[in-house]
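Please open the structure in your viewer and have the selection tool ready.

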Amino acid sequence: MSKRKVSYFYDPDVGNFHYGAGHPMKPHRLALTHNLVFNYGLQDKMEVCRPYRATAHDMCRFHEEDYVDFLQRVTPDTLSMFTNSLGQFNVGEDCPVFPGMYDFCSIYTGGSLEGAVKLNNNACDIAVNWAGGLHHAKKSEASGFCYINDIVIAILELLKQYPRVLYIDIDIHHGDGVQEAFNLTDRVMTLSFHKFGSYFFPGTGHMYEVGEGPGKYYSVNVPLRDGIDDAGFQLVFRPIIEATVERFRPSCIVLQCGADSLGCDRLGCFNLSIKGHGDCVNFVKSFNIPLLVLGGGGYTIRNVARCWTYETSILVGEEISNDLPYSEYFEYFSPDFALHPDTWTRIENQNPRPYLDQVKATTLENLRMLDAAPSVQMQQVPPALLSMEPIEEPNPDKRETAVEMEQRVATGNEFYNGDQDNDHDGGVLDV
């Protein structure tokens with residue numbers, strides 16, 4: 001079988017944003033990830049693109065206009081002018097106002113949206129945007145470090161072309177924002193594997209949350225407890241994914257790869273290894289269904305970078321060494337300097353086999369309630385938010401031509417480390 005074409009989205013500015021001192025969400029993890037990906041040479045196995053930056057119009061495909069307008073206008077210097085709005089839109093301690101906040105949202109949302117457009121146009125088989133996957137944002141409020149729900153916006157774009165979209169979430173936190181957005185439809189199935197109970201954020205994701213109305217049984221939740229390891233996770237993951245694909249027959253899959261489900265995560269309490277996390281990605285890839293792969297949570301940033309680099313190698317079908325290549329961030333990965341460090345913690349595994357068997361059985365029984373994959377009435381396909389063909393458009397911020405999109409595809413030597421390096425003289429990638 002030939003390797004699938006992979007498009008990888010990265011904006012060099014995305015790692016420069018900062019939520020504030022002491023905040024666990026650190027966009028710098030994206031620079032670490034990209035640096036590792038390139039120093040392993042994985043850029044040669046895929047198309048590397050600088051993503052389109054999403055506009056307010058794009059964001060309002062899902063979010064309320066007044067909320068997006070607030071995100072555009074509020075800054076740390078103008079906070080006093082928005083005192084009432086901060087509470088209304090849930091912006092504060094967890095979701096602070098920081099310099100460049102709207103630009104950050106535009107970058108990560110644009111990558112997911114353009115990935116969806118490429119999949120719609122058969123321009124790639126797999127699209128990767130590690131900056132995306134911010135699954136908690138709601139229609140008119142921020143939540144859980146997330147401001148704009150790039151996942152929902154990307155899925156809405158995918159639905160223009162694909163009859164059924166399966167959303168899979170392996171972040172330790174429940175993908176509540178995505179489930180809520182598609183709770184009433186049978187065209188999107190949301191499937192989340194997460195910690196549930198003990199007041200763990202966001203407090204949703206019980207296995208009996210199954211959707212409503214036409215969307216009943218199209219929300220699937222797999223609640224797990226502290227300390228689950230690779231073996232326990234795969235015990236539920238593989239059979240549930242297989243049954244879901246068989247019953248729902250998705251025409252496209254969106255996979256959110258939150259790395260806070262790894263052991264040793266700053267905010268997590270699971271015991272997954274990087275290899276175990278990657279096995280989930282590999283299994284989903286094995287169905288050979290068009291795939292949009294996104295990031296998500298992950299707060300021990302050296303392990304986030306390792307995890308998403310390893311999963312990039314899986315997606316392009318390239319084996320990489322356990323010995324990390326030297327780079328400007330090499331010291332971040334001490335003392336072992338390995339791709340697969342020991343991430344085991346002393347957190348007790350509270351997921352005995354009978355509990356996992358019960359969760360699996362209940363989930364599979366709910367899936368059996370689906371008679372068949374839902375059909376979609378034939379109708380005219382709405383225009384793509386981004387055009388893949390040259391067109392005349394009076395407002396270039398709303399659409400792009402193929403030539404403009406091509407200009408954002410990295411040339412072969414754009415990030416070259418060596419004599420032809422365009423960015424600097426040294427042999428280390430400048431990100």
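The stops below concern a predicted model.

Begin with the whole chain in cartoon view. The protein has 12 helices and eight strands. Of its 431 residues, 60% count as buried. Its accessible surface comes to about 17800 Å², and 47% of that area belongs to carbon and sulfur atoms.

Next, select residues 274-285, which form helix α9. This helix has 12 residues and spans 17 Å from its first C-alpha to its last, close to the expected 16 Å.

Now turn to the aromatic rings. The protein contains 21 aromatic pairs. Select Tyr329 and Tyr332, which form an edge-to-face pair, with 5.5 Å between the centres and 85° between the planes. Tyr329 has a relative accessible area of 11% and is therefore buried, the cut-off being under 20%. Tyr332, at 38%, counts as partly exposed.

Then select Phe17, Tyr19, Phe98, Phe104, Tyr108 and Tyr147 together; these residues form one aromatic cluster.

Finally, select Arg225 and Tyr355. The charged end of Arg225 sits over the ring of Tyr355, 3.7 Å from the ring centre.

Terms used:
Residues are numbered from 1 along each chain as its sequence is written. This is a predicted model: local features need pLDDT of at least 70, side-chain atom pairs count only at pLDDT 80 or more; totals for chains, interfaces and linings use all residues. Side-chain values use heavy atoms; hydrogens and water are left out. Helices (H or I, at least four residues) and strands (E, at least two) are DSSP runs, numbered from the N terminus. The expected span of a helix is 1.5 Å times one less than its number of residues. Buried means under 20% relative accessible area, exposed over 50%, partly exposed in between (1.4 Å probe, protein chains only). Accessible areas come from the Shrake-Rupley method with a 1.4 Å probe; for residues, only the protein chains shown count as cover. Rings of Phe, Tyr and Trp (its six-membered ring) pair if their centres lie within 6.5 Å; planes under 30 degrees apart count as stacked, over 60 as edge-to-face and the rest as tilted. A charge sits over a ring if NZ of Lys or CZ of Arg is within 6 Å of the ring centre and within 35 degrees of the ring normal.
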